[in-house]
Amino acid sequence: MAETEKSCCAGPGYASPQEAIKAPREKVVYTICIYTGTGVEKPDYLATIDVDETSDTYGQVIHRTEMPTIGDELHHMGWNACSSCNTDGSMQRKYLIIPGVRTSNFYIVDTATDPRKPTLFKTIEGSEIKEKTNLSAPHTVHCLGADIIVSMLGDAKGNGPGGFLHLNKDFEIMGRWEKDLGEMKFNYDFWYQPRHNMMISTEWASPNTFMPGFELEDVASGKYGQHVHFWDFENRSVAQSFDLGEEGLIPLEARFLHNPDSTHGFVGAALASNIFHYHQDNGEVQINKVIDVPTVDVEGFPVPMPSLITDILVSMDDRFLYFSNWLHGDLRQYDVSDPANPKLTGQVWIGGMLGKAPEVNGVSVDGAPQMIQLSLDGKRLYVTTSLFSTWDNQFYPSMKDNGGIMLIVDCDNKNGGMKIREDFLIDFGKEPHGPARAHETRYPGGDCSSDIWI
């Protein structure tokens with residue numbers, strides 16, 4: 001076992017993925033809630049949700065941490081510290097870094113002082129970020145030891161390719177993290193595996209393209225990505241890029257396996273509705289399609305409908321891959337014990353445009369499974385239904401008036417299989433200021449889409 005995995009949990013994370021799996025069960029979760037694009041003139045907020053089955057407030061929003069600005073479109077968030085700085089006893093997993101993709105504002109939220117009532121600690125103005133780095137539209141936030149790097153989808157004017165913002169542990173702007181973007185045209189998600197000096201980044205589109213909504217002709221015009229990029233992590237430069245072609249249109253979420261000695265990982269190509277597996281073999285990166293979700297002919301839809309794979313994750317034990325099909329409406333579980341040969345082991349339907357599950361637990365679903373977050377022990381998958389405000393309004397216009405939902409899907413992490421929990425549903429259509437959309441979820445103790453081991 002590597003030296004870093006032998007260490008005690010002196011810092012803010014876990015000594016190994018195996019230790020993370022045994023961590024105490026989550027009692028609350030934090031979920032991004034969006035008023036941007038709904039017509040409700042209120043700021044977006046962070047909802048604290050009680051998920052302790054022994055609690056009197058189980059299945060309820062128990063606190064709302066409202067941001068100071070209207071129109072941020074809070075999207076993805078990340079921790080100031082994770083298992084990558086586990087051996088640093090001076091660090092604490094205390095702050096959620098919550099950026100607004102439209103304003104480029106960053107909100108630093110203290111979740112440790114009172115985990116049930118997070119408070120705003122600091123704001124970084126988007127105008128300052130644009131001025132100092134010529135970057136805008138933040139997306140993925142990753143802890144990097146004591147520092148933080150964030151993928152930024154555009155320049156200050158909303159054009160590609162964007163780049164990476166570097167913050168120090170005090171949330172001061174250090175500048176741009178990358179030294180060379182290579183041939184990168186767009187940016188989106190990223191994940192790094194430091195023991196192999198590897199990082200992967202993916203491509204959506206420039207903010208000026210995706211923010212107004214989806215236009216099919218923009219794909220033919222080359223305004224959406226189809227490349228993934230593998231980086232020389234230490235030198236902060238692109239080492240190799242892969243053109244995935246039509247079978248890899250709009251590669252969004254990327255995930256390495258959690259085992260820090262592994263080079264294996266997966267990328268979900270949203271529009272092409274395919275999953276690609278990648279790994280390093282004798283120093284060379286190999287990437288191949290391993291899952292293909294067929295399109296479906298739907299009356300009134302202009303082309304055969306793709307499933308639109310919008311979020312993926314890997315269980316902490318690297319046994320199962322999960323992903324959501326936001327147009328079709330299903331959520332899938334695959335056994336990836338052999339990463340090159342995934343086996344479908346579970347599937348549930350939640351909303352979607354195929355009409356297979358218009359209601360779940362007695363509530364009409366406006367949208368479909370989108371953001372997913374798996375408990376550290378691999379038994380509970382938290383699912384929300386909003387993708388992005390203008391895309392929600394385009395494909396699921398009723399969500400604007402009815403809001404989003406959160407469900408729990410119970411997962412069999414031994415034999416495979418999934419089942420929607422019948423006693424849990426958060427209806428964000430009934431929020432105090434009006435219907436809200438729900439997006440990404442995080443746990444106070446870390447989660448499957450943030451912790452990395454050095």
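Visitor: Which residue stands opposite Val-409 in strand 29?
Guide: Val-409 stands opposite Ile-420 of strand 29, and please keep in mind throughout that this is a predicted model.

Visitor: How do strand 28 and strand 29 pair, and over how many bridges?
Guide: Strand 28, which covers residues 405-411, pairs with strand 29, residues 418-427, in the antiparallel sense, and the pairing runs over six bridges.

Visitor: And what sits between the two strands?
Guide: Strand 28 and strand 29 form a hairpin with six residues between them, and within that turn Gly-416 has a positive phi of about 90°.

Visitor: Changing topic, where is Ser-201, and is Ser-201 buried or exposed?
Guide: Ser-201 belongs to strand 13, residues 198-201, and Ser-201 counts as buried because its relative accessible area is 0%, where the cut-off for buried is under 20%.

Visitor: What does the side chain of Ser-201 make a polar contact with?
Guide: The partner is the side chain of Trp-231, at 3.0 Å. If neighbours within four places in sequence are left aside, the residues in contact with Ser-201 include Phe-164, Met-184, Asp-189 and His-229, along with Trp-231 itself.

Visitor: Now the pockets: how much space lies in the largest pocket, and what lines it?
Guide: The largest pocket holds about 350 Å³ of space, and among its 18 lining residues Phe-214, Leu-216, Leu-271, Phe-301 and Val-303 lie nearest the centre. Helix 6, residues 389-395, gives the most to this lining, with three residues, and by class the lining of the largest pocket divides into 15 nonpolar, two polar and one charged.

Visitor: What about the second largest pocket, its volume and its lining?
Guide: The second largest pocket has a volume of about 290 Å³, and of the 18 residues lining it, Glu-26, Lys-27, Tyr-443, Pro-444 and Gly-445 are the closest to its centre. Its lining has 10 nonpolar, four polar and four charged residues.

Visitor: How many cavities of 30 Å³ or more are there?
Guide: The count comes to three, and the largest cavity has a volume of about 120 Å³. Of the 17 residues that line the largest cavity, His-76, Arg-255, Glu-440, Arg-442 and Ser-449 are the closest to its centre, while the largest share of that lining, three residues, comes from strand 8.

Visitor: How does the lining of the second largest cavity divide by class?
Guide: The lining of the second largest cavity has nine nonpolar and two polar residues and no charged ones; the residues that line this cavity include His-75, Trp-204, Thr-310 and Trp-391, and its volume is about 90 Å³.

Notes. Residues are numbered from 1 along each chain as its sequence is written. This is a predicted model: local features need pLDDT of at least 70, side-chain atom pairs count only at pLDDT 80 or more; totals for chains, interfaces and linings use all residues. Side-chain values use heavy atoms; hydrogens and water are left out. Two strands pair if DSSP finds at least two bridges between them. Helices (H or I, at least four residues) and strands (E, at least two) are DSSP runs, numbered from the N terminus. Buried means under 20% relative accessible area, exposed over 50%, partly exposed in between (1.4 Å probe, protein chains only). A polar contact is a pair of N or O atoms within 3.5 Å; within protein, one must be able to donate a hydrogen and the other to accept it, and residues adjacent in sequence count only if both atoms are side-chain atoms. Contact means heavy atoms within 4.5 Å. On a 1 Å grid over the protein atoms alone, a cavity is a set of points where a 1.4 Å probe fits but cannot get out, and a pocket is an open set with protein on both sides within 12 Å along at least five of seven lines; lining residues have an atom within 4 Å of a point. Grid points are joined across faces, edges and corners, and a volume is the space filled by probe spheres set on the points. Ala, Val, Leu, Ile, Met, Phe, Trp, Tyr, Cys and Pro count as nonpolar, Asp, Glu, Lys and Arg as charged, and the others, Gly among them, as polar.
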